[in-house]
Amino acid sequence: MSEPLTGTATWRPVMQAAGFRCQCTGACGNLHAKSEGRCPHQHDAYAGKHGHRVRLIAAPADPLTTAVAAAALPASELLAWCPACHTADGRAARRAAAPVAVEAPGLFEL
């Protein structure tokens, strides 16, 4: 089994708690309906027939957490994520947090 070169003391407890399986339960926008609502990707397993090996990462549950803040978090506050779910969850969170554009009346409109 492959492990990261650094941060193993944090990564390993997160993966063991997750059973070396992605902990996404739909935050990425995919309901994971074929796998009881949880992402089926496992660390070092192949993703699909033509896929590549999945390398899980330990990252905060809140995708808007900055990298500096995430580095200071203990393993108990991190989740196991596959890259696809982590990226999709981050995009969805940024989209939801984006300010809504409000149309202001024009200067000469009455």
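This is a predicted model: local features need pLDDT of at least 70, side-chain atom pairs count only at pLDDT 80 or more; totals for chains, interfaces and linings use all residues.
## Overall layout

Read from the N terminus, the order of the elements is α-β-α-β-α. Helix H1 covers residues 8–18 and strand S2 covers 78–81. Strand S1 covers 57–60, and helix H3 covers residues 83–97.

The C-alpha trace of the protein chain spans about 70 × 35 × 25 Å along its principal axes. Its radius of gyration is 18 Å, whereas a compact globule of 110 residues would have a value near 13 Å. Of the 110 residues in the protein chain, 23% are buried. Taking contacts between residues at least 6 apart in sequence, 48% join residues that are at least 24 apart.

In soluble globular proteins, nonpolar side chains tend to be buried together. The largest nonpolar core in this model has 16 residues, and the members that touch the most others are Cys22, Cys24, Leu56, Cys82 and Cys85. Helix H1 and strand S2 each supply at least two residues of this core. The largest share comes from H1, with 4 residues.

Cys82 also shows which parts of the sequence meet here. Leaving aside neighbours within four places in sequence, Cys82 is in contact with Cys22, Cys39, His41, Val54 and Leu56. Two of these partners, Cys22 and Leu56, are themselves among the core members that touch the most others.

How many disulfides does a search of the whole structure find? The search finds 0. Cys22 is in no disulfide, and the nearest cysteine sulfur, that of Cys39, is 3.8 Å away.

Cys22 has 0% relative accessibility and counts as buried. Cys85 has a relative accessible area of 4% and is buried too.

## The aromatic pair

A pair of aromatic rings is described by the distance of the centres and the angle of the planes. The count for this model is 1 aromatic pair. The pair is formed by Trp11 and Phe20, whose ring centres are 6.2 Å apart and whose planes are at 65°, so the arrangement is edge-to-face. The cut-off for that class is an angle over 60 degrees.

Is Trp11 buried or exposed? Trp11 counts as buried because its relative accessibility is 6%, against a limit of 20%.

## The salt bridge

The model has 1 salt bridge. Asp44 forms a salt bridge with Arg55, and the closest N and O atoms of the two are 2.2 Å apart. Asp44 and Arg55 both lie in the loop between H1 and S1, so the pair ties together parts that are 11 residues apart in sequence.

The two partners fall into separate accessibility classes. Asp44 is buried, with a relative accessible area of 15%, while Arg55 counts as partly exposed at 40% relative accessibility. Setting aside neighbours within four places in sequence, Asp44 is in contact with Met1, Ser2, Arg53, Val54 and Arg55. Val54 is therefore a contact of Asp44 as well as of Cys82, by the rule that heavy atoms lie within 4.5 Å.

## Two further residues

Ser35 is another residue in the loop between H1 and S1. At 9% relative accessibility, Ser35 counts as buried. Beyond neighbours within four places in sequence, Ser35 is in contact with Arg21 and Pro40.

Ala96 is found in helix H3. With 66% relative accessibility, Ala96 counts as exposed. Ala96 and Pro74 are 22 residues apart in sequence, and their C-alpha atoms are 27 Å apart in space.

How values were computed
Residues are numbered from 1 along each chain as its sequence is written. Side-chain values use heavy atoms; hydrogens and water are left out. A nonpolar core is a set of buried Ala, Val, Leu, Ile, Met, Phe, Trp, Tyr and Cys residues joined through side-chain atoms within 4.5 Å. Buried means under 20% relative accessible area, exposed over 50%, partly exposed in between (1.4 Å probe, protein chains only). Rings of Phe, Tyr and Trp (its six-membered ring) pair if their centres lie within 6.5 Å; planes under 30 degrees apart count as stacked, over 60 as edge-to-face and the rest as tilted. A disulfide is a pair of cysteine sulfur atoms within 2.5 Å. A salt bridge is a side-chain nitrogen of Lys or Arg within 4 Å of a carboxyl oxygen of Asp or Glu. The radius of gyration is taken over C-alpha atoms; the globule rule is 2.2 Å times the number of residues to the power 0.38.
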